Amino acid sequence: MQQRHGPAPAAQPAPAAGGSPTTVPPPGARGAGRPPGTGPRSSGPRAGARRAPDFLRPQQLLTWLPLLAATGLWLAALPGVGFREMGDYGLLDRLPPAFYLSLAVLTAGFLVSLRRAGTAPWWPALYCAALLMALKGAPAVLYDSERYPWASKHDAVINKILATDGLRPDAALDGNMSAYDQWPGFFTLNAALVRAFGVDSAAAYLNWAPIVLGLLMMPVLVLLYRTFSEDWRLVWTAVWIFQLGNWVGQDYLAPQGLAFLLHLTVLAVVLRHFVRPGSAGRLRSRAYLDPAAAALPPPTSTRQRALCVLILAPMVAAINAVHQLTPVMLCVTLLALNLTRRYRNPGLLLVAGLLMLTWDLTMGRPLFVETLRTLKESVGELTQNSRAGYAGELTGPGPELAGTANILMVLAIVALAGLALLLRRRLVHSALPLLLASAAPVPLFVVNDYGGEMLFRVYLFGLPGAAFFAAAALVPAAGGSGVHRVRPWIRKACALALPLSLAALLAGFMPSYYGKERMYYTPPAETALVVRTLDGLPEGALVLATTGSFPQALRHYDKLGHWYFAEQAPAENEKLLRDPVGYLVPQLPPAPAVYVLLTRTQDVYTAGEGLLPPGGFATLEKRLRDSPLFRTVEETEYGLVLEYRPAR
């Protein structure tokens with residue numbers, strides 16, 4: 001028998017039932033290696049055909065296409081925004097449908113981007129930045145005047161610093177303007193920016209402050225949230241909820257916005273680098289932690305914490321130089337953290353307290369002493385201290401809708417955060433310091449009303465933590481087994497609750513932020529009238545107005561006196577309207593000249609805030625104009641200027 005060289009031929013398989021035998025292609029032939037009977041895939045790409053780019057694949061297409069579409073819709077909507085013809089509902093009914101559609105598309109795209117948040121966290125980041133611009137960028141792009149008339153007083157302080165290169169913390173200035181010379185850090189910084197940019201004044205960039213501060217806030221929030229969660233979906237959802245919940249209007253060009261950013265930065269550093277050794281207990285066990293929880297930051301020695309205190313001290317000092325309330329918020333937050341074993345570090349609390357007292361007893365002494373005198377009247381007055389603004393009730397469709405939306409927004413975020421306290425107890429345990437930091441400012445309601453703004457400030461400082469826990473209620477853990485296993489019905493419920501909750505919060509943000517926009521936008525012609533009037537007054541003249549909420553109200557504030565006579569209880573304003581001349585004239589202080597300045601924005605503000613009843617401003621204007629004691633200096637459709645001429 002002849003011996004064969006090489007491999008023996010493969011055996012032919014048996015014929016299939018009712019058919020011919022199946023052949024197997026030889027090695028190297030096309031189709032080799034496939035299971036018999038499958039044959040070549042006719043639907044696949046031909047050899048040499050080009051593969052579709054990665055960004056055109058369905059999953060990636062659904063990630064970036066909504067962002068592009070929302071941007072296009074938003075830009076297309078801007079020319080149709082009727083901000084110059086606002087009615088009772090502010091900007092709400094002046095925004096074209098494309099604007100609202102852009103927000104809906106942006107929200108949908110964000111939800112899709114969360115699916116890739118673990119591997120591509122920059123997509124949710126881009127969506128969060130786009131949301132910030134979409135929500136707050138329209139006034140910055142469109143307005144031909146400063147949004148928030150009272151923001152112009154900050155511009156006036158900056159201009160005074162540029163003109164005089166000096167501060168007068170002991171000067172007695174009305175309108176609470178002395179406080180700006182006593183806490184001048186924000187204004188000196190902006191004076192330097194005005195010179196560096198080569199612009200005429202801070203008004204050139206004033207309307208962009210919410211965007212700039214919001215973008216600077218995002219990495220700080222991410223750092224804060226990543227301290228307690230390694231789930232990028234939860235982190236970016238918390239940032240998104242913070243953006244929607246930040247309707248309080250404290251991020252304009254004002255000391256509070258900068259001080260709040262510094263406050264959160266200090267808090268983030270403390271939570272990551274001030275963990276005491278031996279204080280973690282079972283939180284060091286991954287088996288105990290919630291699947292979404294981050295590992296506890298490594299403990300630091302006493303020497304390391306002391307070094308961190310030295311590093312943070314200049315930032316704490318900067319907070320004291322910028323704003324009078326934020327150092328108090330920082331101290332009560334650090335005190336709350338000291339109640340835990342994990343962050344019991346009295347050194348930083350002591351340094352923060354000493355820096356605050358040092359500033360209050362030196363630069364800020366006049367206002368500090370005045371505040372101490374009023375504490376005996378305000379301590380314990382919870383109803384009075386928790387009021388919003390002055391004593392009036394919001395009046396008109398837009399302001400009333402805004403007030404209702406404000407309340408519903410607070411209740412919604414608190415309810416979601418409370419739900420997380422029940423459903424994510426192990427995550428709450430590991431993130432307890434953030435919960436304490438959010439609740440720490442609440443007792444300040446007992447102390448003072450902060451000019452009717454304590455309610456908004458407490459909400460603002462509690463919002464970062466509340467947003468985190470609200471997100472925890474909506475974003476279930478991705479993994480987990482045993483006690484950590486998330487039941488399927490909870491996942492299904494969250495899959496429905498997340499888009500519905502984000503849509504509801506978006507719907508609440510719009511009236512909360514834009515429902516009172518008639519008070520916030522002032523026509524340039526009104527601003528020109530005010531500037532023209534105040535520039536022509538003699539030094540020492542007294543300016544009367546119903547409220548300080550009109551453009552350039554405090555121009556030349558260091559040379560003129562001011563009396564905003566309607567910023568008081570409504571009962572007093574009823575007396576005012578019965579006899580305006582008889583009410584005002586006997587209370588006029590000595591002054592070389594007295595002028596009354598009544599503008600369109602004052603009319604809108606006093607009516608919307610309930611300081612004057614409907615038609616009250618027109619009645620006041622008519623009776624003062626008709627009085628022989630007042631002479632009309634100038635009258636336009638935007639305002640009236642009167643000069644007081646006492647009877648001889």
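Predicted model: local features only at pLDDT ≥ 70, side-chain atom pairs only at ≥ 80, totals over all residues.

Me: What percentage of the residues count as buried?
Reply: A residue is called buried when its relative accessible area is under 20%. The protein has 648 residues, and the share of them that count as buried is 50%.

Me: Let's look at helix α8. What should its residues span, and how far apart are its end C-alpha atoms?
Reply: Helix α8 covers residues 232-245, which makes 14 residues. The expected span is 1.5 Å times one less than the number of residues, so α8 should span 20 Å. That agrees with the model, where its end C-alpha atoms are 20 Å apart.

Me: Is α8 largely enclosed or largely open, and how many of its residues are buried?
Reply: The buried residues of α8 include Trp 236, Trp 240 and Phe 242. Leu 234 and Gly 245 are also among them. Helix α8 is largely enclosed by the rest of the structure because the buried residues number 12 of the 14.

Me: Where is Tyr 148, and is it buried or exposed?
Reply: Tyr 148 sits in the loop between α3 (122-142) and α4 (152-164). Its phi is near 70 degrees, a positive value in a residue other than glycine. Most residues other than glycine have a negative phi. With the cut-off at under 20%, the 5% relative accessibility of Tyr 148 means that this residue counts as buried.

Me: And Gln 552: which loop holds it, and what is its relative accessibility?
Reply: Gln 552 lies in the loop between β1 (542-545) and β2 (561-564). Although Gln 552 is not a glycine, it has a positive phi of about 60 degrees. Gln 552 counts as buried, because its relative accessibility is 10%.

Me: Last one: which residues does Ala 203 contact, leaving aside its neighbours within four places in sequence?
Reply: Ala 203 lies in the loop between α6 (185-197) and α7 (209-226), and it is partly exposed, with a relative accessible area of 32%. Its C-alpha atom is separated by 9.4 Å from that of His 154, 49 residues apart along the chain. Leaving those sequence neighbours aside, Ala 203 is in contact with Glu 146 and Asp 155.

Terms used
Residues numbered from 1 in each chain as written. Heavy atoms only, no water. Helix = DSSP H or I, 4+ residues; strand = E, 2+ residues; numbered from the N terminus. Buried < 20%, exposed > 50% of the residue type's maximum accessible area, 1.4 Å probe, protein only. Contact = heavy atoms within 4.5 Å.
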